[in-house]
Amino acid sequence: QHLFALNQVSLSASPFLHAQQTNVRYLLALHPDQLLAPYLREAGLEPKAPNYGNWESTGLDGHIGGHYLSALSLAWAATGDEELKQRLDYMLSELDRAQQATGGYLGGIPNGDEMWQQIEKGEIKADLFSLNDRWVPLYNIDKIFHGLRDAYDVAGSDKAKQMLFKLGEWFLATTAKLTDEQVQQMLYSEHGGLNDVFADMYFISDDERYLKLARQFSHNIIIEPLLHKEDKLTGLHANTQIPKIIGMLKVANASDDKAWQQGADFFWKTVSQERSVSIGGNSVREHFHDKSDFTPMVEDVEGPETCNTYNMMKLSKLLFLKTGDTRYLDYYERATYNHILSSQHPEHGGLVYFTSMRPGHYRMYSSVQDSMWCCVGSGIENHSKYGELIYSNTGQEL
Ligand SMILES: [Zn+2]
């Protein structure tokens, strides 16, 4: 199965079109110079504006900037609004300036230079939420990798492609001397879908080094039980795992690895059929609970996290494209209507982190200039993708 490009499908008047338009206003309200500030600072250049607050100045500096490239690319593809394209071009030219200054690296991780030097030497100290005393730096750099990929792949920017592979060369050099064990140790810390983007870089370039890197940055301790159809997910941080499996499936597709394909499918099945509620969401307090007891899901204020559904939909899409099996679309549709659409405030465009399953519970929406959570980063991408899977084709059939 193949997708049509977002600019080949237009939405008619509907709650989906409304959500798309509301999100465009949210995107344009964000100040690019504030999102760029961490990147310029880390490159030794003078920022034009202060960092945003919240997660953008408490260690995860720059993560929203990466999502912003993806979000602008998707929104521009979906709407054709030139202001979005101009905003994307401005972001890329400023990031290019930062990357020129460093010679390859691009990131907002506080005092990142020192940390990457330690990593290059194999000095690694990792747990789920930190790596070498930084707040999930691999998760952070994963966002700029994905942003550049989307600016090339979705918005067609050749500059973004050059920047992506320049960053890739830097990453290859920085991790060249690490053993597989050292890489696996780093992967204990949340790292988004680095294996996903490295596999895409292989698809784009045919450069085998990126396929090798994608396999090396696949987290074996999570993958291993899936190969034996064992669900060892209870208690794990949920959204940390889902992107790893998207990457696992891409690596499997690139190397025709049936065992990994089936492992990724097993993950999809257990999460979508046994660990999700009716809206398509999963997790309580960001973690997978015991699948035989959904009591915490009904009682806790922190129910399904939006990022998890965003990632499960990506995984469903990939599995559908691979197999043509519409059960993946059934999940995608359920999650679209019942979780993602409702995760945005229909007037001011604020986005929710948790969708509580508590009866009658309130929701907390992001405020555009103040809230810089993960679910804002994925959230600003979500509402431009309603057109992506209305149709698909095999080349012969619609
Ligand atoms: Zn989130």
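**Notebook: aromatic pairs and overall fold**

I searched the whole structure, a predicted model, for aromatic pairs and found 20.

I then looked at Phe165 and Tyr210. Their ring centres are 5.5 Å apart and the planes stand at 80 degrees; planes over 60 degrees apart count as edge-to-face, so I noted this pair as edge-to-face. Phe165 sits in helix H7 (residues 158–174) and Tyr210 in helix H10 (residues 208–216), so the pair ties together parts 45 residues apart in sequence. I checked burial for this pair: both Phe165 and Tyr210 are buried.

Next I took Tyr202 and Phe203. This aromatic pair is tilted, with 5.9 Å centre to centre and 45 degrees between the planes. I looked up accessibility for each residue. Tyr202 has 12% relative accessibility and therefore counts as buried. Phe203 has 42% and therefore counts as partly exposed.

I also listed one aromatic cluster, formed by Tyr105, Trp116, Phe145, Trp170, Phe171, Phe198 and Phe217.

For the protein as a whole, I counted 17 helices and 5 strands. The C-alpha atoms fill a box of roughly 50 × 50 × 45 Å along the principal axes.

I noted that 59% of the 398 residues are buried. Of the contacts between residues at least 6 apart in sequence, 72% join residues at least 24 apart.

Last, I looked at surface and charge. The accessible surface is about 15,800 Å², and carbon and sulfur atoms account for 49% of that surface. The 35 positive and 52 negative charges have mean positions 2 Å apart.

Definitions and conventions. Residues are numbered from 1 along each chain as its sequence is written. This is a predicted model: local features need pLDDT of at least 70, side-chain atom pairs count only at pLDDT 80 or more; totals for chains, interfaces and linings use all residues. Side-chain values use heavy atoms; hydrogens and water are left out. Helices (H or I, at least four residues) and strands (E, at least two) are DSSP runs, numbered from the N terminus. Buried means under 20% relative accessible area, exposed over 50%, partly exposed in between (1.4 Å probe, protein chains only). Contact means heavy atoms within 4.5 Å. Accessible areas come from the Shrake-Rupley method with a 1.4 Å probe; for residues, only the protein chains shown count as cover. Lys and Arg count as positive and Asp and Glu as negative; His and the chain ends are not counted. The place of a charge is taken as NZ of Lys, CZ of Arg, CG of Asp or CD of Glu. Rings of Phe, Tyr and Trp (its six-membered ring) pair if their centres lie within 6.5 Å; planes under 30 degrees apart count as stacked, over 60 as edge-to-face and the rest as tilted.
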